[in-house]
Amino acid sequence: MLLLPFQLLAVLLPGADSEDGFQGPTSYHIIQITSFVNSTWAKNQLSGWLDDLQIHGWDSDSGTARFLKPWSKGNLKEEEVAELNILFRDYIFRFIQEIQAGATKSHMEYPFEIQGIAGCELQSGGSIVSFLRGALGGLDFLRFDGDTCVPSPEAGSRAQYVCTIIMENHALVVIGRRLLYETCPRFLSGVLDAGKAELQRQVKPEAWLSSGPSPGPGRLLLVCHVSGFYPKPVQVMWMWGEQEQPGTQHSDLLPNADWTWYLRATLDVAAGDVTGLSCRVKHSSLEGRDIVLYWGQSTSITSICLAIIVPSIIFLLCLALWYMRHRPCSHSSSS
């Protein structure tokens, strides 16, 4: 556990003690997925994430990291980036070799897949906690507690064996400790500072109502769509007056391609009980001015389409009339 300088925290987390403080990412982690097809061939994928925003990829052909944002390098110098590329290339090579050798000794059946996640997270008190967890076929396999490899009880003797091999490899433990407890915290603080303008931006949501498939005779499924907002925290509620409706169901928060988010809230109601129902959207970008859409008074998808299409048709008609009036006249001559 490492402490960030208080001056840096003041820059990264202005007003962090208030409800309206920084709501952007607070952790960095690398996800590794390695698929072992047979004893001689394996496919490896690496990606780097700020919470659930991807900022790094990995080019397996060249063995180098891909920086998906201009600020993705944080405060790392070019020589440090080159050193990390070499370190990861060497790690991937040795990791695949060790796993294939261990699979042969333990008579593991191919194909199988190993997943790993390692990184660090900024806590509200100013500390940074590092973590590393591994899974085999989607099931917990091992984790690190400080400098100690801890096998998952569900993974049995195989996980104990792997932890023993890891702990006996002193060089690997030293490298892992350096990356987790030194490099990651410094990189996290640097990338949060470098990407501050984008990570702390506020993007207002757009909201509209529609009806979903009928849940049954005499019933309606009301759908409130909310899209294009950032940061991620949002409240979407079906209301009757000032009373939140307990039957409201929420979808998962889904990412848009531009780093904004989408959510929908549904409500199953009797067809005769829709009067007075509204969808309320609360988001930090709205600065307390919630979006409120009343059922029956909101703009439907059809209306939105018409609002876009009709002006376009009118414009094209006007353009055609102008062209017909101003085109050069053609005169035919007779002999």
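The structure holds 3 disulfides. It is a predicted model. With bonded cysteines counted along the chain, the disulfides follow the pattern 1-4, 2-3, 5-6. The largest nonpolar core has 52 residues. Domain 1 (27-200) and domain 2 (206-294) both contribute residues to this core, so it lies between them.

- Cysteine 120 and cysteine 184 form a disulfide, with sulfur atoms 2.1 Å apart.
- The torsion about their S-S bond is about -90°, so this disulfide is left-handed.
- The pair links distant parts of the chain, 64 residues apart: cysteine 120 sits in strand E6 (residues 112-122) and cysteine 184 in helix H4 (residues 170-194).
- Cysteine 120 is buried, at 0% relative accessible area. Cysteine 184 counts as buried at 8%.

- The sulfur atoms of cysteine 149 and cysteine 163 are 2.0 Å apart and form a disulfide.
- Its S-S torsion is about -60°, so the disulfide is left-handed.
- Cysteine 149 lies in strand E9 (residues 148-151) and cysteine 163 in helix H3 (residues 156-168), so the pair ties together parts 14 residues apart in sequence.
- Both cysteine 149 and cysteine 163 are buried.

- Cysteine 224 is joined to cysteine 279 by a disulfide, S to S 2.0 Å.
- The link is left-handed, with -80° about the S-S bond.
- Cysteine 224 belongs to strand E11 (residues 219-229) and cysteine 279 to strand E17 (residues 277-282), so the bond ties together parts 55 residues apart in sequence.
- Cysteine 224 is buried at 0% relative accessible area. Cysteine 279 counts as buried at 1%.

**Nonpolar cores**
- In the largest core, the residues with the most contacts inside it are Leu50, Leu188, Leu199, Val236 and Trp238.
- Helix H2 (residues 78-106) supplies the largest share of this core, 9 residues.
- Another core, of 7 residues, lies apart from it; Leu142, Phe144, Cys149 and Ile166 are among its members.

**Methionine 239**
- Methionine 239 lies in strand E12 (residues 235-240). It is buried, with a relative accessible area of 5%.
- Methionine 239 and serine 278 are 39 residues apart in sequence, but 5.1 Å apart in space, C-alpha to C-alpha.
- Beyond neighbours within four places in sequence, methionine 239 contacts Glu244, Gln245, Gly276, Leu277, Ser278 and Arg280.

**Threonine 260**
- Threonine 260 lies in the loop between strand E15 (254-255) and strand E16 (261-270). At 4% relative accessibility, threonine 260 counts as buried.
- A polar contact of 2.5 Å joins its side chain to that of aspartate 258.
- Leaving aside neighbours within four places in sequence, its contacts include Arg201, Val203 and Tyr230.

Terms used: Residues numbered from 1 in each chain as written. Predicted model: local features only at pLDDT ≥ 70, side-chain atom pairs only at ≥ 80, totals over all residues. Heavy atoms only, no water. Core = buried A, V, L, I, M, F, W, Y, C linked by side-chain atoms within 4.5 Å. Buried < 20%, exposed > 50% of the residue type's maximum accessible area, 1.4 Å probe, protein only. Helix = DSSP H or I, 4+ residues; strand = E, 2+ residues; numbered from the N terminus. Domains from an automatic or database assignment. Polar contact = N/O pair within 3.5 Å; in protein donor to acceptor, adjacent residues only side chain to side chain. Contact = heavy atoms within 4.5 Å. Disulfide = S-S within 2.5 Å.
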